[in-house]
Amino acid sequence: MSDESDEPQPQPQQPAEGSRRQLKKLTRKQRKAARKAKRKASGWRRIFPTWRMLLGAFLLLCLLFGGGLVAGYLLVEIPPANAAATKQSNVYLYADGSPLARDGEVNRENVPLSQIPVHVRRAVLAAEDRDFYSESAVDPQAMIRAAWNTVTGKGKQSGSTITQQFVKNYYLGQEQTVTRKAKEFFIAIKLDRQVSKNDILLGYLNTSYFGRNAYGIQAAAHAYYGKHAEQLSVAEGAYLATLLNSPNAYDVSAHPENKSRAVARWNYVLDGMVKEDWLTRRARDSAKFPAPRTAKAPSGMSGQRGYLVKAVEDYLTEHDVIDPDTLAKGGYRITTTLQKPRQDAFVRAVEDQLLSQVDPGARKVDAHVRAGGAAIDPATGKVVAMYGGIDYTQQYVNNATRRDYQVGSTFKPFVFTSAVRYGATTQDGLPIDPNTLYDGTNARSVEGWSGGHYAPENEDRRSYGELTVRDATDLSVNAVYAQMAVDVGSDKVRQTAIDLGIPATTPDLTASPSIALGPATASVLDMAQAYATLANHGEHGSYTLVEEITKDGAPIALPPQHRRQAVPREAADTTTSILQSVVENGTGTAAQAAGRPAAGKTGTAEEDKAAWFAGYTPELATVVAVLGQDPNPPYGQTPLYGALGQPRINGGAYPARIWAQFTRETLADQPVQEFDLILEPGAEEPPPPPPETEPEPESPAESVPPSVPEPEPTAGGSEEPGATPGRTAVPTEAPVESPAETPAEGDAQGLTAGDDGRPRRAVPTKPAR
């Protein structure tokens with residue numbers, strides 16, 4: 001019998017075919033998940049939070065932000081009114097600490113809302129906050145947008161509603177700090193819940209600064225239109241609303257050069273009123289820009305004081321040191337760079353050389369004579385003296401800072417500087433230096449210009465033939481410099497002028513051949529800055545009018561004075577060398593009365609509306625302009641033909657004489673300095689040829705040395721004012737009917753034989769076309 005049982009033994013159960021496949025699949029998924037988890041726990045994935053972590057962080061931030069808002073709302077109380085009603089004076093000092101001026105008291109008169117016409121209120125809303133009645137007290141979106149524009153260089157913007165602006169004006173201050181903005185935010189929210197919209201708008205209208213030391217709509221109505229606020233028209237209300245955006249810049253009486261910007265803003269306000277259905281289209285179309293009356297300065301600002309204070313205020317606000325509202329609230333002690341002895345010397349020079357000869361009784365045009373001047377230390381960029389006009393209480397506009405008169409031929413040196421800077425060549429490929437020959441034919445078409453036909457006339461339509469750049473500068477030949485601008489590239493000429501110190505926003509600073517003849521309307525101070533850069537061997541530093549400013553003894557930061565090499569030294573110094581020739585041999589000989597080495601250039605605006613002399617010694621750069629302005633509204637520019645008993649007023653006469661007296665007196669106690677120049681290759685003046693030996697003439701009266709050619713005939717016979725004895729007279733500038741956009745200004749007539757007592761130099765170079 002077998003030991004094994006006959007009963008079948010149980011066999012291990014085998015999974016079905018489908019179950020085996022599922023098991024294998026499950027196993028593969030598990031292995032894949034394990035590998036994925038392993039990768040997740042290591043390497044670069046560790047640095048990224050999970051979505052749960054992100055959600056948690058977001059909720060925590062929301063909780064903190066909400067808690068901060070609640071805490072801020074509960075903790076910040078509405079304070080009492082600020083100290084604007086007890087405004088302090090600003091004290092202005094000369095550089096040596098002696099007093100210059102002290103500004104006046106606050107000009108404010110509160111009025112009820114019923115005395116402010118609805119159309120004036122709506123004009124303000126159209127300008128500042130069109131959704132005032134429907135929006136909340138704050139606009140976070142606008143605040144973020146304003147902050148972004150400020151950070152990205154698109155200009156500072158407040159992003160504030162009218163409620164926030166009222167809080168800033170009435171309860172807080174103008175300082176740009178995070179703390180102040182946070183307080184403004186919470187106070188505005190509280191105020192909006194406690195006070196009606198009408199009350200907030202009234203407070204805003206009674207506290208806002210409108211310029212001219214006027215706080216509130218009533219004071220502004222009197223300052224600009226000589227009437228009560230309730231008498232303002234729609235157009236006048238829109239202009240006052242325009243001022244809220246930029247009180248100083250949009251005052252077209254003080255800054256006539258900004259009128260186009262002010263009118264554009266005025267149109268924006270009126271168009272906004274139409275868009276909001278606050279003004280009919282017919283009324284809008286019939287509105288005319290309401291020119292404000294001339295500003296009246298406080299009596300304490302008479303003479304030059306008001307001009308100097310206004311220039312300093314503009315410097316501080318334009319350089320973002322202090323905003324206009326904060327500065328107007330006062331309490332600042334401002335030490336300027338102006339030096340009292342030099343300031344007094346400038347006033348004496350204008351009085352002695354110009355105003356003492358003005359006689360409106362004998363000549364009606366003499367009442368139109370005005371002057372402006374500025375002097376800068378080239379080494380430091382400090383403005384040491386400024387002449388703003390006849391009297392700040394009689395003429396509100398500062399003639400030293402206004403930008404609405406053409407600079408004429410004082411712009412030509414920038415063309416030559418650009419030629420040397422960029423290594424420019426003539427149309428024939430010759431390098432441009434002081435000895436390069438050009439064609440000075442009158443009304444000669446410029447070559448190489450693709451912008452159309454351009455053929456500027458020389459003064460008196462005088463043709464010179466071939467002459468050197470040095471002689472063309474002495475005589476201010478338009479044909480030569482228009483061609484040179486094309487040879488260099490008018491865009492490069494424009495850039496050089498900007499690099500030297502002319503603002504890029506200067507009106508009519510256009511890249512075309514006419515740029516050489518000075519249609520641009522830079523200010524006297526702008527030109528002084530550019531010429532100071534030439535005097536400082538091409539090194540430029542922005543000018544400054546303020547030495548120090550403090551409030552309650554604490555100093556206020558001033559803009560850093562960055563200095564840079566604007567143009568190569570050889571370009572600046574070579575320009576100086578040819579401008580020395582202008583003083584020695586050309587149209588600027590009157591400047592020799594300074595008794596010092598000097599370089600300079602004369603200039604005349606179109607129709608003789610302005611005459612300029614811009615010059616410098618190694619120590620001082622000074623620009624003087626004599627301007628024609630109608631003394632009666634609308635105070636337009638006028639020609640000066642016949643003024644002071646002269647057929648014309650040109651840069652080589654009164655401006656150069658003022659420059660010479662001021663320079664002589666202000667540098668009298670300093671040793672004479674010579675120019676230290678490094679010139680471009682080929683710039684040295686060739687020596688004159690040796691005189692030929694000739695037999696002695698029988699009669700001296702009949703002899704003419706053969707080495708001296710006969711002088712060419714001139715179109716006029718008058719002697720240039722300021723010509724020195726023994727020197728061939730350089731005739732005066734005369735009006736020319738010039739084409740299109742450019743002033744026809746030449747400063748002198750024709751070439752003469754031996755302006756300096758020597759034969760005219762002969763340069764063996766190929767003529768330039």
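Let's start with a charge and a ring: the charged end of Arg 657 sits over the ring of Tyr 654, 5.1 Å from its centre. A charge counts as sitting over a ring if NZ of Lys or CZ of Arg is within 6 Å of the ring centre and within 35 degrees of the ring normal. Arg 284 does this too, lying over the face of Trp 266 at 5.9 Å from the ring centre.

Before going on, a word about what you are looking at. This is a predicted model, in which local features need pLDDT of at least 70 and side-chain atom pairs count only at pLDDT 80 or more, while totals for chains, interfaces and linings use all residues. Residues are numbered from 1 along each chain as its sequence is written, and side-chain values use heavy atoms, with hydrogens and water left out.

Back to the rings. Trp 266 also belongs to an aromatic cluster, together with Tyr 224, Tyr 225, Tyr 239 and Phe 289. Rings of Phe, Tyr and Trp (its six-membered ring) pair if their centres lie within 6.5 Å; planes under 30 degrees apart count as stacked, over 60 as edge-to-face and the rest as tilted. Searching the whole structure turns up 15 aromatic pairs. Take Tyr 315 and Tyr 543: their ring centres are 5.8 Å apart and the planes meet at 50°, so this pair is tilted. Tyr 315 lies in helix H12 (residues 305–318) and Tyr 543 in the loop between strand E10 (539–541) and E11, so the pair ties together parts that are 228 residues apart in sequence. Helices (H or I, at least four residues) and strands (E, at least two) are DSSP runs, numbered from the N terminus. Tyr 315 has 2% relative accessibility and counts as buried; Tyr 543 counts as buried at 13%. Buried here means under 20% relative accessible area, exposed over 50%, and partly exposed in between (1.4 Å probe, protein chains only).

Stay in H12 for a moment. Asp 314 and Lys 310 meet there through their side chains in a salt bridge (2.9 Å, N to O), and the two residues are 4 apart in the helix, about one turn. An α-helix has 3.6 residues a turn, so residues three or four places apart point the same way. Asp 314 is buried at 9% relative accessibility, and Lys 310 is buried at 10%. A salt bridge, by the rule used here, is a side-chain nitrogen of Lys or Arg within 4 Å of a carboxyl oxygen of Asp or Glu. That rule gives 23 salt bridges. Another one links Arg 363 with Asp 366, with the closest N and O atoms 2.8 Å apart. Of these two, Arg 363 is partly exposed at 24%, whereas Asp 366 is buried at 1%.

Asp 608 and Arg 648 form a salt bridge as well, their closest N and O atoms being 2.5 Å apart. Asp 608 sits in the loop between E14 and strand E15 (610–616) and Arg 648 in the loop between strand E16 (621–628) and helix H21 (654–666), so the pair ties together parts that are 40 residues apart in sequence. Both Asp 608 and Arg 648 are buried. Elsewhere, salt bridges that share partners join Asp 439, Arg 444 and Glu 447 into one network.

Now for the strands, which pair if DSSP finds at least two bridges between them. Strand E5 (residues 332–336) runs antiparallel to strand E11 (residues 546–551), and 5 bridges join them. Arg 333, for one, has Thr 550 in E11 as its bridge partner. E11 also pairs with strand E12 (residues 554–555), again antiparallel, over 2 bridges. E11 and E12 form a hairpin with 2 residues between them, and Asp 552 in the turn has a positive phi of about 55°.

Next comes helix H15 (residues 412–421), which is mostly covered, with 9 of its 10 residues buried. Among the partners its buried residues pack against are helix H17 (478–488), helix H19 (524–535) and strand E14 (599–604). After H15 comes Gly 423, whose phi is positive, near 60°.

Last stop: Ala 522, in the loop between H18 and H19. Ala 522 is buried, with a relative accessible area of 2%. Its contacts (heavy atoms within 4.5 Å) include Arg 402, Tyr 405, Met 527 and Trp 612, not counting residues up to four places away in sequence. Ala 522 and Arg 402 are 120 residues apart in sequence, yet 7.9 Å apart in space, C-alpha to C-alpha.
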